[in-house]
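Have the sequence and the coordinates open while reading.

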Amino acid sequence: MADNNSTQYDMDESLNVFNEPLIPCSNDPVTGFFRDGCCNTNEEDVGSHTVCVEVTQKFLEYSRFKGNDLSTPVPEFGFPGLKPGDAWCLCAARWLEAYEADMAPRVFLQRTHKRALEIVPMEILNQYAKDLN
């Protein structure tokens, strides 16, 4: 007999902002809501961890100031801590907040899930694109 509740944990279609297959964001460190290396999401991901960025020192300091210390390792959760240059799936709203404070890191559009567009306009993401010519 099928479990009718199983669909709530299904991943949304793994597509980027160009409606193409989502490219992995990072496996070192492993990122993503599902810790699958991609910025995949579903309804359970209330933070919408959908924007793949290249972490900067400026952003790490900003995030720590905002109460989310991403640079300190938390070994009990398998989190090594981030350093400048790492790729990471950020919450779309936090990225937008950083953008509005002029602290936003560059974005890998091919690695950013299309659900990020529900929060951040494509025109803004394009301005921070790391992977476009």
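A disulfide here is a pair of cysteine sulfur atoms within 2.5 Å. Cys 91 is in no disulfide either. Its nearest cysteine sulfur belongs to Cys 89, 9.9 Å away.

Buried means under 20% relative accessible area, exposed over 50%, and partly exposed in between (1.4 Å probe, protein chains only). Cys 38 has a relative accessible area of 10%, so Cys 38 is buried. Cys 91 is partly exposed at 22%.

## Basis of the values

This is a predicted model: local features need pLDDT of at least 70, side-chain atom pairs count only at pLDDT 80 or more, and totals for chains, interfaces and linings use all residues. Residues are numbered from 1 along each chain as its sequence is written, and side-chain values use heavy atoms, with hydrogens and water left out.

## The two disulfides

The structure holds two disulfides. Counting bonded cysteines along the chain, the pattern is 1-3, 2-4.

Cys 25 sits in the segment before β1 (49–54) and Cys 52 in strand β1, so the pair ties together parts 27 residues apart in sequence. Strands (E, at least two residues) are DSSP runs, numbered from the N terminus. Both Cys 25 and Cys 52 are buried.

A disulfide also joins Cys 39 to Cys 89, S to S 2.1 Å. This link is left-handed, with -95° about the S-S bond. It connects distant parts of the chain. Cys 39 is in the segment before β1, Cys 89 is in strand β2 (residues 87–91), and they are 50 residues apart. Cys 39 is buried at 0% relative accessible area. Cys 89 also counts as buried, at 2%.

## Asn 16

Where is Asn 16 found? Asn 16 is in the segment before β1. Its relative accessibility is 1%, so Asn 16 counts as buried.

The side chain of Asn 16 reaches the backbone oxygen of Gln 110 at 3.2 Å. Contact means heavy atoms within 4.5 Å. Leaving aside neighbours within four places in sequence, Asn 16 is in contact with Pro 21, Leu 22, Leu 109, Gln 110, Thr 112, His 113 and Lys 114.

Key:
Helix = DSSP H or I, 4+ residues; strand = E, 2+ residues; numbered from the N terminus. Polar contact = N/O pair within 3.5 Å; in protein donor to acceptor, adjacent residues only side chain to side chain.
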